[in-house]
Amino acid sequence: MRTRLGIGLATALSCAALVTVVGVARDGDGSAAASLSGPPRGPYVALGDSYTAGPDIPGRRAKPAGCDRSDRNYPALVAAELGLERAEFRDMSCSGATTGDLFKAQDTDSGTNPAQLSAVSAGTRLVTVGIGGNDIGFGELITGCVKAGVLYQLESRIGDLAPDRAPCRAQHTSGDTDEIGTRIAATGGRVADVLADIRRRAPEARVYVVGYPTILPARGADCGRAMGLAPGDVTILRQKEQQLNTMLRRTAADAGAGYVDTYAPSDGRDACAEADVRWVEPLIPAAPAAPVHPNERGERGMAQAVLRAFRAGG
């Protein structure tokens with residue numbers, strides 16, 4: 001069964017125990033280009049994975065319940081800010097979604113979500129897309145790195161051992177081969193296919209790709225126990241998330257779509273930041289949200305980044 005990001009993560013309840021949970025990836029500020037002038041208007045369709053859906057944030061949208069779609073996620077907040085009527089807004093996002101689930105129905109633990117692109121039509125005037133983390137297996141990547149981090153913590157307490165500060169690196173690199181980088185490149189082609197299909201279905205729509213917010217801090221040593229990662233792996237995972245967002249930005253530009261940078265405004269508000277400022281919750285959330293996913297503050301921040309992109313795009 002596919003995990004959330006919609007992504008799945010494993011979390012350490014202590015240095016000796018792991019519990020499987022869910023999570024995924026990020027990028028920057030609020031720059032976007034749009035070919036149409038004037039403020040955005042509906043009908044508006046939101047597509048995406050769990051970073052769009054907002055799992056475990058209070059106020060769920062049903063049908064299907066398995067998508068864990070909150071009515072306080074960034075698409076809902078954007079629709080409200082634009083003053084759209086209920087009939088002018090369709091949120092199709094679903095936890096666990098990959099680019100493939102935009103083209104076909106997605107089975108969840110509780111119900112089936114229709115192909116997300118089925119909501120896009122010739123009458124659609126605005127589309128946001130937040131996708132790609134599950135395609136590269138970012139949740140599974142963090143899960144593996146958390147397990148390696150538990151061993152790092154144990155070894156670091158034994159004085160005569162010099163533990164690898166990036167034990168997860170070897171699991172995903174071999175010589176000059178970068179497994180995650182290869183996945184990101186392949187996902188770029190799939191995101192391009194999604195954008196081409198949106199343009200075919202809704203030629204008059206303004207389309208924006210929404211990047212992922214900051215998950216991990218710039219300094220691995222600043223993460224402590226919140227994520228259970230070795231310091232070097234914090235740095236590697238942060239770099240891979242940046243690489244994912246860079247791909248999303250370039251793919252959006254190549255397709256003539258706008259890009260919403262949520263990484264820059266969330267920098268310093270990662271899962272290892274203080275509870276009263278962070279946008280993304282750690283492995284054991286202190287606020288209502290799925291582990292390693294945006295909390296309500298994060299969804300509000302992402303909504304503001306989307307609105308800034310609209311203004312920048314004209």
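Of the 314 residues in this chain, 57% count as buried. The model is a predicted one. Its accessible surface comes to about 12600 Å². Carbon and sulfur atoms account for 51% of that surface. The chain holds nine helices and 13 strands. Among contacts with a separation of 6 or more, 73% are between residues 24 or more positions apart.

Start with the sheet. Five strands form an open sheet in the order β6-β3-β9-β12-β13. The pairing is parallel. β6, residues 89-91, is an edge strand, and so is β13, residues 258-260. Each of these two pairs on one side only. From one strand to the next, the twist averages 20 degrees.

Now take β3, which spans residues 44-48. On one side, β3 runs parallel to β9, residues 126-130, and five bridges join the two strands. L47 has V129 of β9 as its bridge partner. G48 stands opposite G130, also in β9. Three bridges join β3 to β6, and these strands run parallel as well. Here V45 stands opposite R90 of β6.

How much of β3 is covered? Five of its five residues are buried.

G42 and P43 are joined in the cis form, with omega about 0 degrees. P43 lies in the loop that leads from β2, residues 17-22, to β3. Most peptide bonds are trans.

Which helices pack on the sheet? The sheet has β3 and β9 joined by five bridges. Helix α7, residues 231-254, packs on the sheet and touches β12, residues 206-210, and β13. The direction of α7 makes about 155 degrees with that of β13. Helix α9, residues 296-313, packs on the sheet too. α9 touches β9, β12 and β13. Its direction makes about 140 degrees with that of β12.

Helix α7 has another partner, helix α4. α4 covers residues 138-156. The axes of α4 and α7 are 10 Å apart, and the helices pack at an angle of about 170 degrees. Are they roughly parallel or roughly antiparallel? Angles over 145 degrees count as roughly antiparallel, so α4 and α7 are roughly antiparallel to each other. From α4, the contact uses F138, L141, I142, C145 and Y152. From α7, it uses P231, L237, K240 and E241. By class, seven of the contact residues are nonpolar, none is polar and two are charged.

A166 sits in the loop between α4 and α5, residues 169-172. Is A166 buried or exposed? Its relative accessible area is 3%, so A166 is buried. A166 touches G232, D233 and I236, leaving aside residues up to four places away in sequence. A166 can also be placed relative to C145. The two are 21 residues apart in sequence. Their C-alpha atoms are 8.8 Å apart in space.

Most residues other than glycine have a negative phi. D68 has a positive value, near 55 degrees. D68 is found in the loop between β4, residues 60-61, and β5, residues 69-70. Its relative accessible area is 10%, so D68 is buried.

V292 also has a positive phi, near 60 degrees. V292 is found in the loop between α8, residues 263-266, and α9. Is V292 buried or exposed? The cut-off for buried is under 20% relative accessible area. V292 has 0% relative accessibility, so V292 counts as buried.

Note on methods: Residues numbered from 1 in each chain as written. Predicted model: local features only at pLDDT ≥ 70, side-chain atom pairs only at ≥ 80, totals over all residues. Heavy atoms only, no water. Pairing = 2+ DSSP bridges. Helix = DSSP H or I, 4+ residues; strand = E, 2+ residues; numbered from the N terminus. Axes fitted to C-alpha atoms, helices over the stretch in contact; angles between N-to-C directions. Contact = heavy atoms within 4.5 Å. Buried < 20%, exposed > 50% of the residue type's maximum accessible area, 1.4 Å probe, protein only. Areas by Shrake-Rupley, 256 points an atom, 1.4 Å probe, with all protein chains shown as cover. Parallel < 35°, antiparallel > 145°, perpendicular 65-115°, else oblique. Nonpolar A, V, L, I, M, F, W, Y, C, P; charged D, E, K, R; others polar.
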